[in-house]
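The sequence and structure are shown first.

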Amino acid sequence: MLAFSTQLIGQTEKALNALLRTVLVDRQLSEREWVALRLTSQFDGPGTLVETIRDSAQFTDAADLLSGLEARGLVMDDALSAAGADLVAEISREIGALTEPIWASIAPADAEAAARALDGVLTRTRALLRGESQP
């Protein structure tokens, strides 16, 4: 078993991304586009959608990414279009069905502890990226 570290988090992310790509490939959708669609589906301010995608996903080309999704009819006026909402719902269901056995095998207490630990890692990492001292 790997220790709780950047290696464990990175390998977990890579494995989950490999599963995600199996769902996205037939839809000609990249992982970056999927992330932008998910963030768009959750967007309610503050700031702009471009800023949210740039800051949350670390995509410096967020404006270009959104322009491409708008050209495909998936995003309109900083929100998902009907087609975009349908696509996000469809992909979310498929990802949920694919990964459900993974999550079902984790005890609730372990899931809560992992969520707390990863949330702490995320919070401190974002602070470092903003140039802030550690909390």
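At 43% relative accessibility, D55 counts as partly exposed, where buried means under 20% relative accessible area, exposed over 50% and partly exposed in between (1.4 Å probe, protein chains only). The model is predicted: local features require pLDDT of at least 70 and side-chain atom pairs count only at pLDDT 80 or more, whereas totals for chains, interfaces and linings use all residues. Residues are numbered from 1 along each chain as its sequence is written, and side-chain values use heavy atoms, with hydrogens and water left out.

**Salt bridges**

The structure holds six salt bridges, a salt bridge being a side-chain nitrogen of Lys or Arg within 4 Å of a carboxyl oxygen of Asp or Glu. Side chains of opposite charge can pair when their charged atoms come close. Three of these pairs are tabulated here.

| Salt bridge | N to O distance |
|---|---|
| E90 and R27 | 2.8 Å |
| D55 and R54 | 3.0 Å |
| E33 and R72 | 3.4 Å |

D55 has R54 as its partner, and R54 is likewise partly exposed, with a relative accessible area of 36%.

The side chains of E90 and R27 also meet in a salt bridge. This pair links distant parts of the chain, 63 residues apart, with E90 in helix α5 and R27 in the loop between α1 and α2. Helices (H or I, at least four residues) and strands (E, at least two) are DSSP runs, numbered from the N terminus. R27 counts as buried because its relative accessibility is 18%, while E90, at 36%, counts as partly exposed. Salt bridges that share partners join R27, E90 and E94 into one network.

E33 forms a salt bridge with R72. E33 lies in helix α2 and R72 in the loop between α4 and β1 (75–76), so the pair ties together parts that are 39 residues apart in sequence. E33 is buried at 17% relative accessibility, and R72 is partly exposed at 38%.

**Contacts and nonpolar core**

Contact means heavy atoms within 4.5 Å. Leaving aside neighbours within four places in sequence, R27 is in contact with R72, L87, E90, I91 and E94.

**Largest pocket**

About 1900 Å³ of space lies in the largest pocket. On a 1 Å grid over the protein atoms alone, a pocket is an open set of points where a 1.4 Å probe fits, with protein on both sides within 12 Å along at least five of seven lines; lining residues have an atom within 4 Å of a point. The lining comprises 40 residues, of which I9, E13, L16, N17 and L118 lie nearest the centre of the pocket. Two or more lining residues come from each of α1, α2, α3, α5 and α6 (108–129), and α1 gives the largest share, 11 residues. By type, the lining divides into 24 nonpolar, nine polar and seven charged residues; Ala, Val, Leu, Ile, Met, Phe, Trp, Tyr, Cys and Pro count as nonpolar, Asp, Glu, Lys and Arg as charged, and the others, Gly among them, as polar.

Terms used:
Grid points are joined across faces, edges and corners, and a volume is the space filled by probe spheres set on the points.
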